[in-house]
Amino acid sequence: MVNKKAKIRKYKKRDYQAFLYLLPWLVGFAVLQLYPFITSLYYSFTDYKISVAPNFIGLKNYTKLFTQDPEFWNSLKVTLLYTLYTVPGKLLMALAVAVFLNRDIKGINLIRTLYYIPSLFGGSVAIAILWKILFVDNGVINAMLNTVGLPSLQWWGSTKLALRTICMLEIWQFGSSMVMFLAALKNVQKELYEAASIDGAGKIRMFFKITIPHITPIIFFNLIMQTIQAFQNFTSAFVITKGGPLKSTYVLGMKLYTEAFSYFKMGYGSAISWVIFTLIMTVTLILFRSSSAWVYYEDSGDF
Amino acid sequence: MKRLISIVLVCLMIMALAACGNTSDKPATGTTPDTTQTPTGKGTVTDRGYTIPDEDVTIRFSWWGGDERAEATLAVIDQFMKMYPNVTIEGEYGSSDGYHDKLSTQLASGTAADIVQVDPETFPTYIGGDYFHDFKDFGFDLSNFDESYIGLSINGRYDGKQLGLPTGISGVGLLYNKDLAEEIGIDFTQDYTWEDLIEWGRKVREYDDSLYLLCMNKDYITNVVVYTYLKQKMGDTMFNMNERTINLQNEDLLEVLNLVKALYDNEVIPPASYMAAYSGDDMQSDPNWIAGKYVACFTYVSTIDVMVAAAPDQNYAMGNLAVMKDAKNTGWQSNTPQVLAITKTSKYPEVCAAFLDYFFNNETAMETLACTRSVPPTAKAREVCERTGTLSTLAMDGANITSKMAGLVNDGISSSQEGKAIIAEAVEKIGYAAGTPEDIAASTYSLLKGLVD
């Protein structure tokens, strides 16, 4: 690290061949990601509609979004609530299951595979539709509630419940986080537990004093990934509830889609996408900032 | 460890963020140049007067619809391709879900299929883009169509140009369970008003409180009750399309929202929270419909068969449509369920026209297509279908009633996706009693006004 400049000078002409090999990715990145990324920023300052050429209108889309659009603040609230429900819910669920699966019993590999299955389905439309049918008023879930003597609930019809039902779908797909937690749990040195148990520490104390600190990097990673994903949620709301009832599941992703692709207001849609982008960026940066206070790295490497 | 994680993180973040910024599709030039290219080389002139080039020609035809429609359409494509072996027609078909979202971006980026099926209410949105050929430019034979029908803008004619061809006759129909209605003592064959519906709704609940008079969700209340009632009351559409002004008054809106409230309050229709899971065109999945718990439902002529297939055991018939007392217009919309258009980006528009000429005017094609796009649009095709027995009695009755009751066609502003969404939201608020009708009418009115301000 001492002589940074000297290091850079070491590159020879031949080294730049690397870019040739990188070209497929570079072209893909430039055409499919960078270009749309920049044009959407430009469009967000225009009144671009699909069939009419864009006119520059300055910040109008943004002022309209923040001051006049009654749906925006509702959608923002719904998105934040969705994130607040799903991210901790999913992490707790994944960690709990990982702890449960982190043991040596017969057939553990099969059990692990079974628990991972919901995540293999991913955010697929088919699963969203299945979820919808399970939770309809005369669906399986209510029938099960009734057999144990509980009343039926309007999972999709109630403005209070619909968002939570969608969150449950997301939390249920905890597999990928769970696998990472499981790997992290396996990495915690056994000696630490042995030493602690000799010192008389109980299981719960060991979990909070040894396990949790050692897996904080993975908690951090999962937290960031899940948060980004939650802010961008679209599929379940779009397929199951179409944002209803009474816009109670109208997440920002759906508003973006509706404005851009149903009402053809591409400029306005682009502005919304940049608001979501900024929101994700800010939250991610805050999480990164906070990480130095609670994330523990064994190799104490620095960024 | 930390470095590895940071690299993974950065990569993933970039991907996630780019996905987020990826919302606007490919850049689009607003209008596409008129590319009526004459095909290179000489061609064969068909007996219908179209020139088919000698080279290999591939055209794409996109539509939405079920399997039956797809099979019939593909069969007609095959027939045409057998006649002209150098022509290949590729069908692009699927569900109506998201069809127009995709079509919009394709039209804007010049990648739409050569022949496209379009929803007539969405069609006006595309007129500004100058995307479609005028069928008259090809000397298209329109003689099988009824001029008064094909001349309507909702059926494809804009400013004297025939930009689309209607594929059928559709409109709202009232499908009812004849035996159940007779048992309870309800007669849908007479003329009746919206108030009668409320009266009958109560009667049904008194007869058996597991039954409802009408199977109806918020989208059908919007499309069937609100638009129709307003046209009956006002004798005009909600907006003036040409001057881009609003005809609707706040009182009119309040009146129709009060009617919607009465439908809910008197349990003529199931609660909004129950129907929330069966929105849009999904009423046939309602288990109560399947179990025969409704006396009737408003549906479209083109979807009668879908509703019947979901609960096939009842004895159905088509009833009359509600008209208010002293109505200024019958208000019921009768129009094609879709139009077919040839895009200007097509390399072989004349081949497309030759194919559509076969599609609409050839007897074999008529027989193959039958009623897969609702009741056929031409008298000749209806004759063919009746002769071959492919036209169901329910669909025929529905088409007759809806054309008899045909009134004003909705204006393009109120029937745009956004206009419909605003009204559907008001209906939903009434259903959930989220505010008084007065407040909901006032806020909805200002949103509607915002569409033309």
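**Entry 1**

I worked on a predicted model, in which local features need pLDDT of at least 70 and side-chain atom pairs count only at pLDDT 80 or more, while totals for chains, interfaces and linings use all residues. Residues are numbered from 1 along each chain as its sequence is written, chains are lettered from A and ligands numbered from 1 in the order in which they are written, and side-chain values use heavy atoms, with hydrogens and water left out.

I noted the bounds as 43-167 + 336-377 for domain 1 of chain B and 170-334 + 406-450 for domain 2 of chain B; such bounds come from an automatic or database domain assignment. The centres of these two domains, taken over C-alpha atoms, are separated by 32 Å.

I then recorded a buried area of about 790 Å² between them, with 51% given by carbon and sulfur atoms. Buried area is the accessible area (1.4 Å probe) that two parts lose on being put together, summed over both. On the side of domain 1 of chain B, Glu121(B), Ile154(B) and Ser374(B) supply 53% of the area buried against domain 2 of chain B, more than any other three residues.

**Entry 2: a salt bridge in chain B**

I found 1 salt bridge across the interface of domain 1 and domain 2 of chain B. The term requires a side-chain nitrogen of Lys or Arg within 4 Å of a carboxyl oxygen of Asp or Glu. I also looked up Lys420(B) and Glu121(B), whose side chains form a salt bridge at 2.6 Å, N to O.

**Entry 3: the two domains of chain A**

I turned to chain A, which is divided into domain 1 (1-43) and domain 2 (61-294). Their C-alpha centres lie 34 Å apart, and 4 residues of domain 1 of chain A are in contact with 6 residues of domain 2 of chain A. The two domains bury about 440 Å² between them, 65% of it on carbon and sulfur atoms. In domain 1 of chain A, Phe37(A), Leu41(A) and Tyr43(A) lose the most area to domain 2 of chain A, together 78% of what that side buries.

Key:
Contact = heavy atoms within 4.5 Å.
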